[in-house]
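Please look over the model below before reading on.

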Amino acid sequence: MENNNRKELVVSAIKSGTVIDHIPNDMVSTVIKILNLYEVTNEIVFGANLDSKKYGKKGLIKVKDKKFESSEINKISLVAPSATIIEIEDYRVARKFKVDVPKKISGIVKCFNPKCITNVENAKTKFDVLDGEDLKLLCHYCEKITKKGTVEFL
Amino acid sequence: MKNRSLISISDYSKEEYLQILELAKEFEENPVQKIADGRVIASLFFEPSTRTMLSFESAANRLGARVIGFSGASNTSVAKGESFADTIKTVANYSDLIIMRHPVEGSSRYASEVSHVPVINAGDGANQHPTQCLLDLYTIMQTQGTLDNLHITLVGDLKFGRTVHSLVQAMCHFNTTFHLVSPDELKLPSAVKLHIKEKNLNYYQYTQMPDALQQADIVYMTRIQRERFQDPLEYERVKNSYVLNKALLVDVKPNMKVLHPLPRVNEISTDVDDTPQAYYFKQALNGVFVRQAIISKILGLK
């Protein structure tokens with residue numbers, strides 16, 4: 001009982017907003033970056049190393065009074081394919097869904113090819129997502145594939 | 001194709017390739033047609049090239065267009081620190097079409113997005129060189145009478161050779177069987193093989209060239225570049241194992257032709273030059289007709 005109470009304190013409920021749950025433990029800061037949460041003024045609570053029945057340890061982010069467009073939230077699928085998005089209204093779960101991998105992404109990932117124009121000029125990166133699970137991104141410009149091992153987020 | 005840039009061979013459809021090849025044939029029969037009189041074509045070679053630049057300029061001149069531009073970026077405002085995008089936007093104001101070669105990969109695609117006139121990619125680093133690919137298709141058509149159901153043997157650097165990648169991609173439209181000959185270090189990248197697999201076509205990989213010559217209708221040779229190897233000894237070993245000479249041509253099909261994007265170093269012995277199979281110099285000449293066709297299509301003149 002006591003344990004449960006403490007858990008509630010750690011991940012306290014919000015009245016309205018969005019909870020991003022089941023983020024891989026080491027990806028919390030990357031997700032914050034991808035969603036540009038450093039720039040918003042909403043109240044944000046985030047946690048890492050939280051116990052999860054499914055994943056062992058997980059990360060979680062709560063953003064008060066904010067809903068995300070699906071095109072925006074789906075960007076995080078590249079680093080957090082397991083993430084669950086929970087929209088809260090009046091302390092209740094209004095909607096709960098998993099993220100989808102987008103077909104195209106722009107300006108999130110750096111092209112791994114040092115000879116690519118996006119690494120030489122001030123050109124925004126664009127990729128076709130060939131494989132979202134086992135990350136494979138085809139660069140719109142140099143046509144090289146950036147993979148999981150070489151991916152770097154902008 | 002009017003006003004559409006040609007950056008990558010996948011920008012055009014099979015039908016569009018065939019239209020260009022048909023028009024190229026018209027230019028082969030009648031090369032001087034001053035249909036682009038009064039047009040200005042910018043030829044921007046940020047990296048020097050002889051064959052491609054001269055064949056483009058020759059094509060433009062035979063169409064009656066004026067050519068402006070430069071070869072090597074050292075005398076331009078790029079050397080003063082101007083951004084690439086600014087250079088392209090400026091040149092777009094002075095011309096109806098931009099032909100460009102640049103060592104940075106993806107630079108042509110980017111140029112086509114900032115320019116309000118169409119761009120033809122004449123090579124962007126190790127990425128694409130679509131006009132070379134179209135002239136290869138033209139040459140294959142010319143020698144075989146068809147592009148369909150052929151056996152093509154590609155030899156040498158299949159990993160970094162941009163002409164190989166585009167050619168494989170384009171020939172996947174024509175039910176081709178591919179025979180891929182390369183050292184293990186220089187095999188065709190999986191991203192390119194994906195095109196073959198998507199069309200359910202057959203391909204065979206070899207490390208020895210003689211095994212892949214008998215079936216071939218076309219043997220496409222490429223140069224193995226020293227800088228691709230970390231170990232210079234490995235380069236020496238490999239380079240001499242992919243040399244085509246006259247003695248190897250005894251058992252080949254009678255219709256077989258040898259192509260090469262040129263320049264060659266030693267991968268085709270000079271004793272092949274006067275065999276009926278040698279076709280690489282004719283291939284280079286075809287470049288002018290094919291580029292005339294591409295320029296006319298994009299300018300909307302034909």
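**Notes on chains B and A**

1. In chain B, the 32 positive and 33 negative charges have mean positions 3 Å apart. Lys and Arg count as positive and Asp and Glu as negative, with His and the chain ends not counted; a charge is placed at NZ of Lys, CZ of Arg, CG of Asp or CD of Glu.

2. This is a predicted model, in which local features need pLDDT of at least 70 and side-chain atom pairs pLDDT 80 or more, while totals for chains, interfaces and linings use all residues. Residues are numbered from 1 along each chain as its sequence is written, chains are lettered from A in the order in which they are written, and side-chain values use heavy atoms, without hydrogens and water.

3. Chain B has nine helices and nine strands (DSSP runs: H or I, at least four residues; E, at least two). Its radius of gyration is 19 Å, close to the 19 Å of the globule rule for 302 residues, so chain B is as compact as a globular protein of that length (C-alpha atoms; rule: 2.2 Å times the number of residues to the power 0.38).

4. Of the 302 residues in chain B, 57% are buried (under 20% relative accessible area, 1.4 Å probe, protein chains only).

5. K66(A) lies in the loop between β3 (56–64) and α3 (70–73) of chain A. K66(A) is buried but has no salt bridge, and the nearest side chain of opposite charge, E72(A), is 5.0 Å away (a salt bridge is a side-chain nitrogen of Lys or Arg within 4 Å of a carboxyl oxygen of Asp or Glu).

Definitions and conventions: Buried means under 20% relative accessible area, exposed over 50%, partly exposed in between (1.4 Å probe, protein chains only).
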